[in-house]
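Colleague: I am new to this structure and would like to learn how to read its features one at a time. Could you take me through them?

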Amino acid sequence: MTEMKTMLKQLARDTMFDISDDEMPALIEEYNMFMNHVQFLESIDTQDVEPLAFPYEVETTFLREDEVSHIISREDALKNAKSIQDYQIKVPKVVK
Amino acid sequence: MMIQYSIEELHQLLQLNDFDSKMYYDELFQEAEFQQKKLNAFVTITKEKAYKDLKKADFISLLSGIPYVLKDNYNTKGIRTTASSLMLEDYIPIYNAHVVDLLNQQGSCLIGKSSMDELAMGGTNQSALTGIVYNPWDRTRIAGGSSGGSAALVASGVVPFALGSDTGDSIRKPAGYCGVVGFKPTWGRISRYGLIPYASSLDHVGAFTRNVRDMAIVIETLAGHDEKDMTSSIREVPHYLENLNDNIKGLKIGVLKSISDEIIDIEVKENFDSIICKLQGLGAVVEDITMPSNLMKAILPTYTIIANAEATSNHACLDGIKYGNRQDGETIDEIILHSRTHGFSHYIKRRFILGNLALATENQERMFKKAQKVRRLIVEELNRIYEDYDVILTPNGRGIAPKVNEIVNNYLYDDHVILESHLCLANLAGLPALSLPSGFVDGMPISVHLMGRIFEEQTVFNVAYALENILDFKNQYSREG
């Protein structure tokens with residue numbers, strides 16, 4: 001159990017958040033169910049079956065012309081950042 | 001009170017010279033505030049904007065001057081858009097979702113943003129930042145999710161239509177619980193630009209209305225190509241309202257026994273059987289069909305793995321730095337870590353962890369790719385059915401909306417899991433799908449579910465329209481709960 005907890009905590013860390021001990025029992029329950037799902041799918045023969053990434057093979061994928069459009073202003077782009085300075089998003093120093 | 005009108009009824013009223021639209025909206029907001037106390041369905045009420053929009057409305061087009069609600073995952077320029085997540089509690093978009101622009105062009109009046117499961121991940125609305133949404137038919141029960149607020153506000157007669165989003169059943173399940181029409185079209189039919197995503201290969205824009213004609217109006221307005229969404233289809237949009245036809249003689253309807261045989265509740269079963277009889281009475285050719293049981297059992301696992309994996313990837317952008325609820329930290333990594341730890345509820349964290357598990361290099365083939373392969377098998381099986389049948393009919397779920405204190409985790413395996421989770425077939429295959437009120441059990445509404453071939457929205461609308469016309473649930477709403 002401790003091994004599983006450690007693994008799940010690390011997985012949370014890899015997903016860039018922490019989980020508390022209080023959150024662990026429900027996570028373990030859901031993890032076990034998820035692994036049941038995985039196991040069940042393993043019982044289905046998918047030899048020579050290609051993955052389907054979208055509901056149907058998309059008939060039209062396109063790229064628009066490479067023209068400047070849908071421009072947002074610098075002010076707008078920074079509007080929702082909590083810490084800005086001189087029209088830039090401020091973050092802690094990377095090189096100390 | 002006069003605010004329970006359908007889109008078409010209200011449109012006719014708004015065109016009359018002696019109709020006081022301002023007074024109508026005054027009453028509407030009184031009711032909205034009253035219902036908010038009862039249902040907790042709004043995140044934000046946009047009263048000021050609605051009156052501004054109303055002043056500009058010319059009432060010429062069917063949706064001009066019509067009040068509506070948006071699920072709070074549609075970006076609205078200058079209006080807080082939280083997706084019911086603490087992470088986005090102060091987020092004010094700088095642009096509109098494509099469908100919001102379309103409704104603005106029509107002159108529709110946004111009256112509020114509605115509550116939802118956090119980031120649309122859930123079927124109960126219990127993970128919403130603002131708390132659970134109550135069912136207008138019985139406030140001891142849930143409205144369902146993830147588009148619970150939108151469902152409740154249409155079902156309580158506050159607005160004639162509301163937008164939701166549907167990744168697994170997030171429009172159709174709450175529509176069923178609340179006794180209104182819920183619809184999502186073919187994947188690609190409506191642009192998703194500006195809709196905060198959940199799982200891109202499964203997400204759909206869709207709507208709630210109180211009758212099928214209104215649904216045809218809303219979907220016709222929203223459908224069409226948008227260069228800002230590269231998955232949006234270039235196919236021409238048919239005139240759904242004009243082509244609406246309740247003559248369904250000879251149409252072939254397959255009753256998916258693999259689902260309907262799972263019904264336990266006798267009254268739900270009787271109701272479902274009565275709908276089959278009614279369809280036969282309308283001249284449709286109704287026949288039983290089945291799908292292999294291992295594929296039926298694979299629906300939920302396939303959906304869960306794909307949805308969680310795509311969600312984890314999509315929401316990697318929520319770091320608290322560019323936008324979102326930033327928390328302090330000594331390094332960039334710490335800021336992200338603290339912001340995400342603080343900003344996501346435990347429901348969402350669990351899903352992200354499992355999504356990340358499925359995407360890890362060492363697991364990807366065994367989990368994510370495997371699920372995508374099984375998805376192909378499921379979709380191919382459905383397409384085989386559609387070679388012979390125009391529409392697939394199933395019950396919308398196992399029964400009525402659960403009590404607030406009896407919410408069951410969607411993930412839990414139990415005997416009814418196939419019945420309860422099968423609506424996501426329409427997401428896996430991108431099919432147009434509609435939930436139609438079909439009756440009542442214990443005073444609560446229940447529904448049936450209709451799925452058509454891709455891009456055959458019209459057929460689904462026509463079957464629903466024919467049924468609706470011989471049932472008694474058109475335009476129903478409840479303010480009694």
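This is a predicted model: local features need pLDDT of at least 70, side-chain atom pairs count only at pLDDT 80 or more; totals for chains, interfaces and linings use all residues.

Colleague: Which residue of chain B forms a salt bridge with A:Glu57, and how far apart are the closest N and O atoms?

Modeller: The partner is B:Arg376, and the closest N and O atoms of this salt bridge are 2.9 Å apart. The interface of chain A and chain B also holds 21 residue pairs in polar contact, counting pairs in which both residues are at pLDDT 80 or more.

Colleague: Which elements of chain A give two or more residues to the side that touches chain B?

Modeller: They are α1 (2-14), α2 (24-42) and α3 (74-78) of chain A, and α2(A) gives the most, with 14 residues. By class, this side of chain A has 32 nonpolar, nine polar and 17 charged residues.

Colleague: How many residues are in contact, and what area is buried between chain A and chain B?

Modeller: In chain A 58 residues are in contact with 77 residues of chain B, and the area buried between the two chains is about 6000 Å², of which carbon and sulfur atoms give 68%.

Colleague: How should I read a pocket?

Modeller: Rolling a probe the size of a water molecule over the atoms shows where empty space is left. Here the largest pocket has a volume of about 790 Å³; 31 residues line this pocket, and the closest to its centre are B:Asn75, B:Tyr91, B:Tyr95, B:Tyr193 and B:Gly194. By class, its lining has 15 nonpolar, eight polar and eight charged residues.

Colleague: And what should I look for in the backbone?

Modeller: Most residues other than glycine have a negative phi, and most peptide bonds are trans. In this model, a cis peptide bond joins B:Gly145 and B:Ser146, with omega about 5 degrees, and B:Ser146 lies in the loop between β5 (138-142) and α5 (148-155) of chain B.

Colleague: Where is A:Tyr87 found, and what is its phi?

Modeller: A:Tyr87 is in the loop between β1 (84-85) and β2 (88-89) of chain A, and its phi is near 60 degrees, a positive value in a residue other than glycine.

Methods. Residues are numbered from 1 along each chain as its sequence is written. Chains are lettered from A and ligands numbered from 1 in the order in which they are written. Side-chain values use heavy atoms; hydrogens and water are left out. On a 1 Å grid over the protein atoms alone, a cavity is a set of points where a 1.4 Å probe fits but cannot get out, and a pocket is an open set with protein on both sides within 12 Å along at least five of seven lines; lining residues have an atom within 4 Å of a point. Grid points are joined across faces, edges and corners, and a volume is the space filled by probe spheres set on the points. Ala, Val, Leu, Ile, Met, Phe, Trp, Tyr, Cys and Pro count as nonpolar, Asp, Glu, Lys and Arg as charged, and the others, Gly among them, as polar. Contact means heavy atoms within 4.5 Å. Buried area is the accessible area (1.4 Å probe) that two parts lose on being put together, summed over both. A salt bridge is a side-chain nitrogen of Lys or Arg within 4 Å of a carboxyl oxygen of Asp or Glu. A polar contact is a pair of N or O atoms within 3.5 Å; within protein, one must be able to donate a hydrogen and the other to accept it, and residues adjacent in sequence count only if both atoms are side-chain atoms. Helices (H or I, at least four residues) and strands (E, at least two) are DSSP runs, numbered from the N terminus.
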